Amino acid sequence: MKLKQIREDSIIFFITLILLSFGLVMVYSASSVMALRYHNDSAYYLKRQIVWAGAGMAAMLAAWRMDYKIFRKLSLPALLLCFILLIITLVGPEVNGARRWIRLAGFSFQASEFTKPALFTFVAASLAKRADKLDDFWHGIGPYLFICGTLVLLIALEPDFGTAAAICAVVFMMLFAGGAKLSHLGALVLGSIPVIYLQLFKVGYRRSRLHTFMNPWNDPLGAGFQTIQSFLAFGGGGLTGVGLGQSRQKLLFLPEPHNDFIFSVIGEEFGFIGATAVVILFLFFMLFGMRLALKCKDPFGRLLVFALTLMIGLQALINMGVATGIFPNKGMPLPFISAGGSSVFVALLSVGIMLSVSRGNRLQDSAGAAA
Amino acid sequence: MQGRLESAGAADTTHGRKRRVMLVVVLLAVGYMGVVAKLFYLQVIDKSFLAKKALKQQQELVELPPKRGTIYDSTGAELAVSVEADSLYGVPANARDPREVAAAIAPVLGLNKKSVEKKLEGDKKFVWLARQVSPDVQPKIKTDGGMEGVLGWLYDSRRYYPEKDLAAGVIGFTGTDGKGLDGLEQEYEKYIGGLPGKAIVERDGRGREVLTVSEGKNSPRAGCDIILTINEKVQYMAEKALDRIMEKYRPLSASAIVMDPNTGEILAMADRPGFNPNDWSRYPVYAWRNRAVSDLYEPGSTFKIVTASAALEQGVVRPSDIIDCGKGELDVDGTIIHSADNEGGRLTFQEVIQKSNNVGTIKVALRLGAKRLYKYARAFGFGAKTGVDLPGEAGGELRDIREWSGLSVASVAIGQEVGVTPLQMLTAMNCIANGGYYMKPYIVSEIRGADGSVVMKRTPEKERQVVSTATAVTLRNILTTVVEDGGTAVEANIKGYQVAGKTGTAQKFERALGRYSKTKYYSSFVGFCPADNPKISAIVVLNEPHGGAYYGGVVAAPAFKSIVKQALTYMKVPTRLPSQTITVVR
């Protein structure tokens, strides 16, 4: 029993390390040409990524050492702070038609990323405490709808519909896994259909993305450009890839080759074998994360680990799904790998929280065994 | 484990929740498997189709050149502009008879028939045939009829320098690919250059290859405009003064810089030999050099401003102190050093600087000591790049004090054993002019986006205080005597203004002989005006003047005078009233 648990957190830890270090290599490979061209320094993105990854590792190790019960107390103030940061983000300067970043001392970060762990911890804590009230729709699910809705609305206003939708999905799944009534959840799904419809079909660029998704080859130079370029990267890579640093698609064709489409560069440079290996690493991360959740006797810890695992697993799935054209085009970073400070920091912090829950759980077990 | 969980809570809900988690796991796992399946399809099953297409597009991607930004002087005059000039491309895949096409166009374009023919062979989809074709040649080339689909025009731009050789060494030039190769064109490439657009060659309905230029994200983005601190008028004055020097003294090369000593702005920077950037490839490589920042020379006596300000600041000498210069000779560490023309006698320190007496300067330097002299030389910016925003800047030579010999303190005190750029020397002189501050020199004051938005606006940077304002003012007063009767540069005297400056006449070190030359000199003058409230500072440096005259006060000072006098008038700096005198701070 003890042996089994040690294996879980060490597996999660090692998968994280492998993905993180592989990510640094890929960020450099995918961005160096562009960085040299636009920033006069081929390691421009790499340096930033290293700084954030270092900070993320520190946060992870710190969270790991902490008693995870502390997160329960921290969640409400953290959530309020995120709420304020999200509002600051919305009044901040616009970059490429969106307000997603807060700039501070030469670094910029995304408040929406930090909102994820804060919100999930809060929902986990409160669901664990109020499990008996879940049967009543307005008193059980209502408060979550309100809190989650407010934050998601702020994020959707940036606009960052992808992150907003991902957060909704995770909170929905938390309610589901936390034991909410299926009829309530069903009502929720029905109620959100008009919203989803409006979001997908009434906002111009999303609609065109969706149409492109249906058939990218219709407009290879316009809307279908990104998807097709990604396909060509994968095809060019073949079974074994063209080799590290040899991607040609990253040079001019792939949009955001170090970020949204880094998986395509991996596919081109390391082929089917390399890309599949990355998918399998994420799959194992998800499986062992979920097993960790199931082993938790404390409902708070269980829901927390469940949510964080799901968040990382879902983001990875969406990113890889977009790159391979299974999902419509949606900017979402690949956890641990894509260039993006807030994203890598929050992913590592989340792993730290998961490991902390695992440690707390094990301590409880041995205490229980001693008793 | 199962049993314990069940005893912990209600058995049915625990089981139910576990089932729900498992359902989520299965959903995600199915998604992952979907990714792997799609990867398998893209990378194994559909590989050859996609890989071929990828390769084709990579070969058939055409970069559309963006419009380069304009370079303006501080008054808005255009120094470098891009004018539209279409370029001719060919589609070899559509050319059934390359020889015929080549025969039709090569003579008109002045190109080799064979090489044009060779470019048009094979089944490539795009090839540039002639970049930036002049408008009068364009109508002579047919792109319709039999040439339709074989030849075509694409927008391109050509760099043009309306002022020709004016400030050419500073501005630099661009290559045939439109990228900056030298000067500011190179240094600010990432701003001026813009972003190239993309076009992809595709097959049309009739099975012919056509170039598709898409709008929006893939169209070229124009570069930023940059605005210089250079003033075209002052630049012209400097260029003319150098032309006269080249004619009269035939030096190997010459440089002149004009600055605002209070801000570090470079108002003019000129070099000879020069070149016309519209035609840069016809000039020898050495003509492209921006000598004012790239060439090192031994400054000689101009460097005495460092020795003097260090000595005054450290209190080892006062302007009125008597220095015994003996017979104009001094034994330092076994080497006899002479003053120019072996001038000696008892001089005040002020006279030592005024007459540029070597023995007197060295005696003061010995009181100061090597350590302090070295410290001040560093503080004045010698031995390190100024960090000016121009490419190819030399850092100068000032050996680390641990490598100094017993003679070094004497040599450095009179500007030997050191290598400086004209810009370093003038920047050091600016510290005296502006009351003691090292102002970082710069040449680009503003970068503006193609839409007119301000991308960067430069403000003067006060890097450090080198000497106190009192010391700077004292030395300023001493330096005004240099251009007065009894000084080394009466030729730099401007009627109606008070000039402060210093001459330099340094024997060139001949490496082949291992000693200083008796006939080859670096002659220079560096100064500023008006002395009590400096508005302009300038330096003129000649490398090996020929024809007998070589003293800095004779060959460089008149050029300094001509530039500064015109610039003062142009800038409407009021003349000194006859009754007005400067307060001398002691």
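Between chain A and chain B there are zero salt bridges. This holds for a predicted model, in which 24 salt bridges are found over all chains. The interface and the salt bridges are therefore taken in turn, starting with the contact between the chains, where a salt bridge would need a side-chain nitrogen of Lys or Arg within 4 Å of a carboxyl oxygen of Asp or Glu.

The contact involves 60 residues of chain A and 45 residues of chain B. The size of an interface is often given as the accessible area lost when the parts come together. For chain A and chain B the buried area is about 4,600 Å², and carbon and sulfur atoms give 73% of it. Polar contacts do occur across this interface: seven residue pairs are found, with both residues at pLDDT 80 or more. On the side of chain A that touches chain B, at least two residues each come from H1, helix H6 (161-178), helix H9 (225-237), helix H10 (249-252), H11 and helix H12 (299-323) of chain A. H11(A) gives the most, with 14 residues. Sorted by class, this side of chain A has 36 nonpolar, 18 polar and six charged residues.

A:Glu8 lies in helix H1 (residues 2-39) and A:Lys295 in helix H11 (residues 262-295), so the pair, 287 residues apart, links distant parts of the chain. A:Glu8 counts as buried because its relative accessible area is 0%, and A:Lys295 is buried as well, at 10% relative accessibility.

Chain B has salt bridges of its own. B:Asp295 pairs with B:Arg289 at 2.6 Å, N to O. In this pair B:Asp295 is buried, at 17% relative accessibility, whereas B:Arg289 is partly exposed, with a relative accessible area of 36%. Another salt bridge joins B:Asp400 and B:Arg402, whose closest N and O atoms are 2.9 Å apart. Here B:Asp400 is partly exposed because its relative accessibility is 24%, and B:Arg402 is exposed, with a relative accessible area of 74%. Chain B also contains a network of salt bridges that links B:Arg68, B:Arg159, B:Glu185 and B:Glu189.

Definitions and conventions
Residues numbered from 1 in each chain as written. Chains lettered and ligands numbered in written order. Predicted model: local features only at pLDDT ≥ 70, side-chain atom pairs only at ≥ 80, totals over all residues. Heavy atoms only, no water. Helix = DSSP H or I, 4+ residues; strand = E, 2+ residues; numbered from the N terminus. Buried < 20%, exposed > 50% of the residue type's maximum accessible area, 1.4 Å probe, protein only. Contact = heavy atoms within 4.5 Å. Buried area = accessible area lost by both parts, 1.4 Å probe. Polar contact = N/O pair within 3.5 Å; in protein donor to acceptor, adjacent residues only side chain to side chain. Nonpolar A, V, L, I, M, F, W, Y, C, P; charged D, E, K, R; others polar.
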